[in-house]
Amino acid sequence: MRCRLLITLALLLVLPIATRPLRARQNGIRFRDVAARASIGFTVDNNETPHKYQIEPMIAGVALFDYNNDGLLDIYFCNGAQIPQLEKTEEKYFNRLYRNQGGLRFEDVTDKAGVAGAGYSMGVAAADYNNDGWVDLYVTGVNRNVLYRNRGDGTFEDVTEKAGVTAELKDYGKAWSVGAGWFDYDNDGDLDLLVVNYCVWSSEKDPYCGARKPGYRTYCHPKHYGPLPNILYRNEGDGRFTDVSAESGIGEHLGKGMGVAFADFDGDGLLDAFICNDAHRNFLFRNDGDGRFEEVGLQAGVAYIDEGTVVSGMGADFQDYDGDGRPDIFMTALSNETFPLFRNLGNGMFRDERYPSGLGTQSLAWSGWSTGMVDFDNDGWLDLFVAGGHVQTNEELYSSRDSRQPNRLFRNRGDGSFEDISEQCGADFQQTGLHRGAAFGDLDNDGRVDAVVTRLNEKVEILHNVTASSGHWLILDLEGVGANRDGLGAVVKLTLESGQSLFRQATTTVGYASSSDKRIHFGVGKESKVRSLEITWPGGSSQIMNQVPTDRVLHIKQDAVHSHGGTGEWADFFSN
Amino acid sequence: MQLVWSCMLSRGKVSVLLFFLLSNALVRAGSPQSAGKEKRRALRLFQKGDYGKAAHGFQNEIEKGTSDTESYYYLGVSRLRSGDFQGALEALERFVKEVPESSEGWLNLGVVYFALQRFDNAIRAFHSSLQLDAEQPLANKMLGRVYVATEKHALAERAFVRAMELDRQDFQSPYLLGRLYQTVDRLVEAARYLEESARLNPNSVRAFSFLGAVYYALGRDSEAAQTLRKAVELNASSPSPDFVPHLEYGIYLQRTGHLKESVQQLRKAVALNPRTVEAYFELAKTLYRLEQLAEARKFLEEAISIDAADPRLHYLLGRVCYEQGDVQCGHRHMVLSESHRK
């Protein structure tokens, strides 16, 4: 194996590597909406009604995942249904799967794949839960959650009942699920499922909110609805799951869950879960390693913002924005609440960095839904993308804020502060709408991360990253052997020749109701070579690679034999 | 920056603003010459602003049985102004029973109800006053304030607009309207009316203070800084300096990263009003960000001694305790924080 590695490495070194002009720390991030060119004319349909049902503004999630293993990211969109029947009575309500044909062209394969969905869909979580090498989908919704097993032949099978992941709650019936995420909380090598539930709702009991005159009815504040517990399903490794919400402690906490994100925030080798709640304190579930989770949001300082108040938590991401090796939390909220940024202090506690980072002032006017901490200009620092739009469709009648908003991009300056550069990101980035879901991944494998964003009742946006002056990059496609096959939860430390280290944790659970590319993307600025890559797999094994060239997608397989300090098997999957 | 407003209103406390409104005079002054000796003495005390002694005088007059119904009125207003709301209530209820055609009587009674957070009674009293005299800007302003306190914002807006129509030169009505719009995030309108208030009264430190806060929320940063500085400057030359401009400027400086300057302003706010929780809270928050944990803790404890039921104070104090390594203290205040939210 060592010999094979050396040969591969030697090949890599002589392969021609396309490089762009290197200019570090540019702020010229630009996007172009290529939805039309990509033949994606999909429109999310929430069946908006004058009744202002609470479920209407809450869709729609999106997933970027490679369902057919051709090395190209495909796209799955969630969609609504007829209200109040909550059935996909017409094709316009179908969820959609688009196959990436290369060259930024896509084909609608929903029917062929059999993934049109059922009920009023909300969100989606993609991962290979059965370790068969094919990425599966879990789709959340108001009245139906669906687990689609990828058969590997371009089709999916609904295995929800068989797997036991219907999201039925003993005291509530089918829970209104918004988000979900795959993670291996017990490090047993298969992915478990955390389902995030929102609130108790039925069409018959939706109250009237807002002024009683035409056009003034509003969606109600979450305080009008009862909270729900979340659900943790343990993967038994045989296609079935067991609801361990009670024994894990997850089910003890009632909230109004929206976004979820995973990271090992305390460095104990166990994945923890952050759930942002809507107008309710956030939860940070610390994994105790014995099958139990302790909710430590208050102690950790992420339950509330420094004002001691809740915000309308929407989407979240859990990555290291300041390069200190500790994952931090970014989340979105509504106008006048600001977007919280919690910096991990490394002692089990976080600090609210909204104002010191400049985000507080810059986000005051905006409402955000899905989000992602992504290095869009490949300078080594994670920027913040926010899908913009108010929860209300008639906010202008009540306040100075707009309902339809553009997305936002906050560039990481690398000194702990962020700069709102949204208006410099190109004309297509200025499109307003009721943006909701967003997922991130490199659709054309050019090293620049793209964003796919949904908006209510309007065409989705495929935001192709066309940043001209971005730096070098590296994308890691992990394959776990002892660990879960997707390698979710693996921590990668990338050290540059300059000695600077970058840290990422593998996850698909990013933002709001959405699922991003499982591959790990690094921007490395001016450096054409990486001094070392250290991967710590779930379960604790690690492997190190030295002198790794950049500007390529590397497939890295976990070295099950040389698990500690070994080099592992890796291959140049897509050199650029 | 809307904490001060919401705190004043939602808890219905008799705030500085209440007296600011009432300073226009609620009193249909009687003539000292036409009254008995005791009453004349009490009226003189009243006019000098010695309300405690005046109340005593009117009380004596009533107990001797030599008084007319007007003494109840003055007794009520004297008690109101000396902070004895329950006593004021008894006197003014008696007065309006005897003289139901007195618009001033109803107006003052409404103020007492408002001070006692009996908002429904207050609304009825102000309406009674306005039925007798629809042209009173003050009754409309007070009615609007009750509606703000009860979160009936559309009705509050209507009352403030009416007050403004009745007196175009009164700076208070646009001020109240601007503050209302600020509270409900109608920031463009808030700016417009606070600007109008500041134009009508170029010495209004509160109008400039909140206008600065609105500019900040609108992203008009340089105007925010300029306006807040102006409020602080005006305040410096005021015979009775107000804590609000220092609080608002301190918050602005804190949010824009000027932490040391923020501490200076917030210390002034605390010194000017040692009973305001908001100033302690913001000062503690800034000190926490500066990692001056011991002092942050001290100010939070001070704030909690004023309002032990405020969950925000316990939450921040819990955070400070945790960061100081005092886990027990941290847990205790987190528990208190959560219990006060229920």
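A cavity is a set of points, on a 1 Å grid over the protein atoms alone, where a 1.4 Å probe fits but cannot get out. Grid points are joined across faces, edges and corners, and a volume is the space filled by probe spheres set on the points. The structure is a predicted model, in which local features need pLDDT of at least 70 and side-chain atom pairs count only at pLDDT 80 or more, while totals for chains, interfaces and linings use all residues. Residues are numbered from 1 along each chain as its sequence is written, chains are lettered from A and ligands numbered from 1 in the order in which they are written, and side-chain values use heavy atoms, with hydrogens and water left out.

By the cavity rule, there are 6 cavities of 30 Å³ or more. The largest cavity holds about 300 Å³ of space. Its lining (residues with an atom within 4 Å of a point) consists of 22 residues, and those closest to its centre are A:Met373, A:Val374, A:Asp517, A:Arg519 and A:His521. Several strands of chain A each supply at least two residues of this lining, among them strand 26 (368-374) and strand 36 (520-525). Strands here are DSSP runs of E with at least two residues, and helices are runs of H or I with at least four, numbered from the N terminus. The lining has 9 nonpolar, 6 polar and 7 charged residues. In this sorting, Ala, Val, Leu, Ile, Met, Phe, Trp, Tyr, Cys and Pro are nonpolar, Asp, Glu, Lys and Arg are charged, and the others, Gly among them, are polar.

Next comes the interface. In chain B, 26 residues are in contact (heavy atoms within 4.5 Å) with 27 residues of chain A. The two chains bury about 2,300 Å² between them, 48% of it on carbon and sulfur atoms; buried area is the accessible area (1.4 Å probe) that two parts lose on being put together, summed over both. In chain B, the residues that lose the most area to chain A are B:Arg255, B:Arg289 and B:Tyr315, together 26% of what that side buries.

The rule finds 5 salt bridges across this interface, each a side-chain nitrogen of Lys or Arg within 4 Å of a carboxyl oxygen of Asp or Glu. B:Arg289 forms a salt bridge with A:Asp306, with the closest N and O atoms 3.5 Å apart. Among the elements of chain B that each supply at least two residues to the side touching chain A are helix 17 (277-289) and helix 19 (311-324). Helix 19 gives the most, with 6 residues. By class, that side of chain B has 12 nonpolar, 2 polar and 12 charged residues.

Some backbone details remain in chain A. The peptide bond from A:Ile59 to A:Ala60 is cis, with omega near 15°, and A:Ala60 lies in the loop between strand 1 (31-33) and strand 2 (62-65).

Definitions and conventions
On a 1 Å grid over the protein atoms alone, a cavity is a set of points where a 1.4 Å probe fits but cannot get out, and a pocket is an open set with protein on both sides within 12 Å along at least five of seven lines; lining residues have an atom within 4 Å of a point.
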